[in-house]
Each structure stands twice: as structure tokens, then as C-alpha cells.
Amino acid sequence: MKNPYVPYPVRITEIITETEDRNLKTFKLEFLNPEDEGKFAYMPGQFAELSIAGKGEIPIGIASAPTEKGYLVFTVNKVGLVTSHLHNMKPGEIMGVRGPLGNSYPWDRMEGKNVVIIAGGFAFTTLRSSIVYMLEPRNREKFKDITVVYGARTPGMLLYKDTLAAWEQRDDINMHITVDATNDPTWKYNVGFVPAITEQKAPSAENALALVCGPPIMIKFTQPVLSKLGFTPEQIIMSLENRMKCGIGICGRCNIGTEFVCKDGPVFTLEQLNRLPKEY
Amino acid sequence: MAAKVVSKDRLNSVLSHWRKNYRVYAPVQKDRFVQFEEWEDRGEPVWEFQNSRLSPKFLMEPQSEILLEFSLDPRTEDSGILKERERVYPLQIVVGIRPCDAKAVELSKRNFVSQEYTDSYWVRRYETTVFVGLGCNRPCPTCFCTSVGCGPFHEEGLDVLMIDLGDRFLFRSLTGKGRDILAEMDGETPSADDEKLALQIREEGERHIVSRVSWDRIPSQDLMTLFDAGFWEDVAFSCINCGTCTFLCPTCWCFDIQDESKGVRGIRMRNWDSCMFPLFTLHGSGHNPRAEKFQRVRQRFMHKLKYYVDKYGDGVACVGCGRCVQFCPVNIDIREVAEKMNNYVRCECKV
């Protein structure tokens with residue numbers, strides 16, 4: 001009988017400080033036992049429990065893509081006991097990863113469609129995974145236009161800056177990077193809130209799905225913009241967060257009505273969420 | 001199906017015999033309450049009681065349980081690696097479990113075993129346990145088991161059903177596990193009179209369930225309409241969020257997972273938790289989706305009587321044991337809440 005509470009041991013191989021407030025770090029992890037990588041088969045949108053002996057576990061979206069072999073990437077905001085400890089860890093140290101957990105973005109539905117990605121702040125992790133996955137040469141033709149609106153408070157608060165810059169150079173993805181405000185005279189992208197930039201760039205709802213991740217305030221003001229553009233609630237895909245422990249639908253705390261965010265989610269359509277309590 | 005009759009004065013020797021191969025848990029008097037404890041061949045278990053205060057759910061999910069262990073010693077190769085502790089799950093018999101509590105174990109199985117995941121700790125205990133239930137000749141006034149698909153002699157989840165015939169017990173096996181323990185048990189074959197008496201006692205017990213709850217309309221009620229109903233604030237008004245209902249409830253299984261270490265050795269354990277506590281859902285950011293008391297009270301009742309019903313289509317997540325009714329310090333009554341939910345009609349009048 002497989003014990004679903006035992007994490008795979010991993011080694012931290014690289015730590016990148018992502019943001020100017022130094023509150024977000026990206027951790028690159030390698031499996032100690034190479035055969036575990038095969039067992040950890042995931043799709044973008046899934047998450048895992050990062051496990052630190054003596055501290056506990058935290059559910060974090062997987063930021064690497066299944067097309068990136070040999071390692072996993074997680075970007076972690078420093079907020080509590082486990083994340084603070086993790087932020088003080090060093091490359092070479094050992095920790096655990098338990099997963100992959102939850103559903104993923106609806107990849108079956110996304111094939112053959114235009115994909116619109118709207119993200120704010122540090123909720124860009126599983127969307128990075130999705131973009132890397134879609135841009136992989138053998139996957140790219142499965143999807144039509146890819147449009148990305150990604151915003152942060154300032155240029156220094158954007159995640160994965162090098163990757164974003166590389167995507168800006170490509171012609172098979174429409175990038176619209178934005179910041180709320182900046183004093184930087186060399187800033188060459190957009191300035192404005194994510195909902196406003198979405199309205200301005202007006203991605204078509206025709207044969208499209210929108211993946212929307214961000215802080216509640218961004219989501220609140222982006223929804224009416226998407227409705228105006230013609231996106232129905234079935235076309236709007238969101239990923240939720242709730243406090244979790246087991247991550248496998250057993251410990252009972254992350255439910256919104258009938259659904260466990262950990263096991264039935266974290267990805268839901270807006271149509272599903274409209275029929276469920278807003279307890280997230 | 002096999003059956004045997006054992007006189008009450010020989011029951012301890014039956015238990016002693018079981019102890020050779022099993023750990024035996026039986027109801028014993030503990031101060032003012034009855035509770036299930038390992039019977040160590042001393043003293044008399046209690047056979048005339050209404051129900052134990054705590055349900056024997058802790059035999060499947062202990063209140064505190066070690067899941068994993070680890071070393072933090074940097075000199076060891078496995079430092080920081082979480083491992084399952086080698087553990088033997090001894091065969092155990094829980095004798096005297098009430099039919100409602102046995103049904104609750106069956107119901108909890110749906111939580112601990114899904115298509116995707118098996119909670120190996122819970123399942124190993126479940127598989128190594130024999131459930132010898134005791135029918136209820138005299139149910140409590142707060143029992144409403146017959147309204148929720150259970151009953152004082154309900155057999156679901158039991159391997160053996162015991163019926164108190166006065167000076168003797170009738171044991172009837174219901175599963176292979178039950179047949180095995182009956183096979184090696186001293187006792188007489190029940191006479192036709194014994195069977196007749198058992199039937200009478202059963203009918204008499206069922207007649208004693210006076211409390212009825214209707215939930216027939218809840219499955220067709222709209223989830224969000226019930227969620228947004230105005231009565232939740234009233235239901236929660238007197239609640240002090242003590243969590244007694246959740247700890248006593250045989251179908252409450254929620255738990256927390258915590259790490260503890262001392263020196264270079266540590267454990268990861270799980271402990272019973274409760275949806276009544278604000279920490280249960282508190283996000284790292286400080287945001288809490290169920291910050292208000294009424295939201296937590298609503299979650300408990302909606303989970304048992306609506307979410308579970310909608311998700312699995314197999315009735316309510318309540319077995320009608322009445323513990324939460326008896327022990328709630330502010331007299332919140334699940335029977336009244338179920339009625340409110342069942343009869344709820346959203347007011348369509350224009351304000």
C-alpha cells in the first residue's frame with residue numbers, strides 16, 4: 001500500500017531571489033533518487049507539498065514544466081514558519097516534495113484554442129509552467145494564439161525576468177508585460193493595472209480560454225473586462241489557494257462547498273465557482 | 001451466517017479467549033462516562049449503557065498519531081529525509097460498539113479511501129479490526145438513527161451483531177471475519193425461542209427511537225440558496241466554537257499535521273482538528289475564508305447534511321448518535337438545523 005504522506009527526498013540545487021523586496025525566491029530541486037522523477041509525472045497547474053523535516057509542509061504550485069527534465073522549480077513567497085525556514089536554506093540542503101497534487105489546467109480543452117493568460121503578482125508560477133509547456137516545439141502547434149498579460153506593482157516585482165525578456169523576443173507568443181507604476185525611464189513595456197491593460201489589448205474570446213491567476217483585487221476587476229470581451233464563465237479558468245494539510249482530500253479543511261481545492265481543484269472554471277461558496 | 005448464545009457470566013472468558021490473538025477493546029465505566037479501552041482481563045466491561053461519550057473512532061484514527069519520522073543529525077546520511085516508521089498493526093476486536101458508530105466507520109471509509117488515494121494508516125487499522133457490535137435495547141431520547149439510514153440493530157460495518165437477551169447474548173456473524181471469531185468461541189446454538197426473543201427485542205428497540213428528523217428535501221435544495229440562508233447567524237448565535245461536537249462526532253475525521261522535534265530526532269504527526277476553530281482555515285497571508293463564527297458553524301452542518309449528500313449521493317454524513325445534541329454546552333441541536341435546512345424556502349418578496 002503506497003503511503004501518500006511520504007515525500008520524495010530532493011536536494012536544493014539553486015536558489016534565485018526573484019523580486020526586489022527579496023520576499024520571493026525560486027528553488028530548483030533535484031530528486032535524490034532519480035527513479036522518483038518518473039513517479040512524479042505532472043501537468044502544468046498542479047501543485048506539490050514542499051516538505052521540511054521539523055517544520056512542516058506548504059502547498060506550492062509547480063513552476064517548472066513537464067518538458068523541463070531533471071528538476072522541479074517552485075517559487076515561494078515568505079509568509080510563515082515553513083516558508084521563512086525555506087528562505088534561509090542553502091543549495092545542497094535536503095528537503096522533501098510530495099505530489100504532484102490536484103488537477104491541472106484543462107489541457108484537453110485548451111488544445112486547438114487561443115490561450116489567454118492573465119496574471120498578477122506572484123501568481124504567475126503555474127502559468128510560467130503552462131507557457132513553457134506550450135512553447136515547447138512539439139506542443140506549440142496544438143495551440144493557436146498565446147496572449148499573456150502579466151503585471152506586477154513595479155518592474156522589480158516581476159518574476160522570471162530573463163524568461164519574460166526571452167519570450168518578448170519570440171513571434172509565437174503575444175507578451176503584454178505591465179507594472180502598476182515605475183520611475184524607471186528605461187522601462188519599455190506597459191504601465192497600468194492588469195484589468196486596464198487587458199481591456200486595451202482586447203484578446204478575442206473567439207475559440208479562446210482565459211487562465212486567470214492573481215490577487216483577489218485583480219481578479220475582481222478583470223472579470224468584468226473579460227465578460228465585456230465576450231468570455232463566458234466556462235471560458236474563464238482560475239486556480240485557487242486555501243490552507244491545506246494533507247493535499248489529498250482527506251484532512252477536511254480546504255473545501256469550498258462540495259469541492260476540495262486540493263483534490264478536485266485547484267483549477268476550476270468560473271462557471272463552477274459561481275455555483276460554490278466563496279470560501280477561499 | 002453463524003450464531004451463538006453465551007450466558008453473560010461467561011462473557012469475560014470469551015473476551016479472555018479473544019485476547020490470545022487480538023487486542024480487545026471494550027466499553028468500561030470511567031467516572032461518569034463509558035468509554036472504550038483495551039480490556040486487560042481485569043474488571044467487568046459495561047454492557048448496559050446507552051453509548052460511550054467518545055465514539056470508538058479513535059481506534060481507526062487516534063487523536064494523535066505519528067505519520068513519519070526523521071533525523072536532523074547532519075552526520076547521518078538520511079538527515080532531513082522523512083520516512084514511515086516500521087509499525088505492526090495488531091489484530092484487534094472492538095466489542096460493544098454501537099451500530100451507529102460502526103456505520104460511522106463505514107461512512108468514514110469514503111473519506112480515507114478514494115479512487116486516487118488510500119490513507120494507509122487508517123486502512124491498516126480498519127483491515128485489522130473486527131467489529132463486534134451491541135444492539136441498542138434502550139436507545140437514548142436523543143437518538144435519531146432511524147431517520148438517517150441507521151438503526152439500533154443496524155448491521156452495516158459490523159462483523160458480528162450482539163443482542164442482549166437478558167441473562168445471555170446472542171452473537172450473530174455478518175462477515176467472514178465475524179464467522180472466524182465465532183467459530184472459536186464457546187457457546188450454544190440459539191434455540192427458536194432465542195431467535196424469537198431477539199426479534200422482539202429488536203422491534204422493541206426500534207420503537208424506542210422517538211426522535212425523527214426529515215432531510216428528504218435537502219438533496220434537491222439549491223446549494224447556494226441553503227448556504228446564503230438567513231438562519232445561519234441564528235443557529236450560530238449561542239455557539240462558543242468549543243469543538244465538542246466535532247470531537248465527539250463519529251463521522252468527524254478532520255485532522256491537522258504538525259512536526260515536532262527534540263534534539264536531532266523528530267516526528268511528523270497528525271492530530272484531530274476541528275472546523276470550529278478559526279486556525280483551521282487561516283491562510284498564511286492572514287486572510288481567513290471562514291473567519292466568522294457563523295461561517296464555521298455553517299460549514300459543519302452544510303458538510304454533514306448538504307455537501308456530503310451532494311458529493312456522494314448516499315445520504316447524510318450523520319448516523320444519528322445524538323452525541324452533539326447531548327453534549328453541546330449551549331444546546332445547539334442538529335435535528336433542528338436539519339429541519340431548518342429541509343424546510344427552507346428563499347423569500348422571494350421584494351424588500
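How many residues of domain 1 of chain B are in contact with how many residues of domain 2 of chain B? The views below, taken from a predicted model, begin with that question.

**View 1. The two domains of chain B and the contact between them.** The domain assignment divides chain B into domain 1, covering 3-207, and domain 2, covering 218-343, and the C-alpha centres of these domains are 25 Å apart. Where they touch, 35 residues of domain 1 of chain B are in contact with 26 residues of domain 2 of chain B. On the side of domain 1, strand 4 (64-71) and helix 2 (99-112) of chain B each give at least two residues, and the residues of this side comprise 16 nonpolar, 10 polar and 9 charged.

**View 2. The contact between chain A and chain B.** Chain A brings 35 residues to this contact, while chain B brings 41 residues. On the side of chain A, the elements giving two or more residues are strand 4 (56-61) and strand 6 (94-101), and strand 6 of chain A supplies the largest share, 3 residues. Sorted by kind, the residues on this side of chain A are 16 nonpolar, 12 polar and 7 charged.

**View 3. Strand 1 of chain A and its pairing with strand 6 and strand 2 of chain A.** Strand 1 (residues 8-17) pairs with strand 6 of chain A in the antiparallel sense through 4 bridges, and Pro9(A) has Gly96(A) in strand 6 as its bridge partner. Strand 1 is also joined to strand 2 (residues 24-31) of chain A by 7 bridges, again antiparallel, with Ile12(A) opposite Leu29(A). Strand 1 and strand 2 of chain A form a hairpin with 6 residues between them, and in its turn Arg22(A) has a positive phi of about 60 degrees.

Methods. Residues numbered from 1 in each chain as written. Chains lettered and ligands numbered in written order. Predicted model: local features only at pLDDT ≥ 70, side-chain atom pairs only at ≥ 80, totals over all residues. Contact = placed C-beta atoms within 7 Å. Nonpolar A, V, L, I, M, F, W, Y, C, P; charged D, E, K, R; others polar. Pairing = 2+ DSSP bridges. Domains from an automatic or database assignment.
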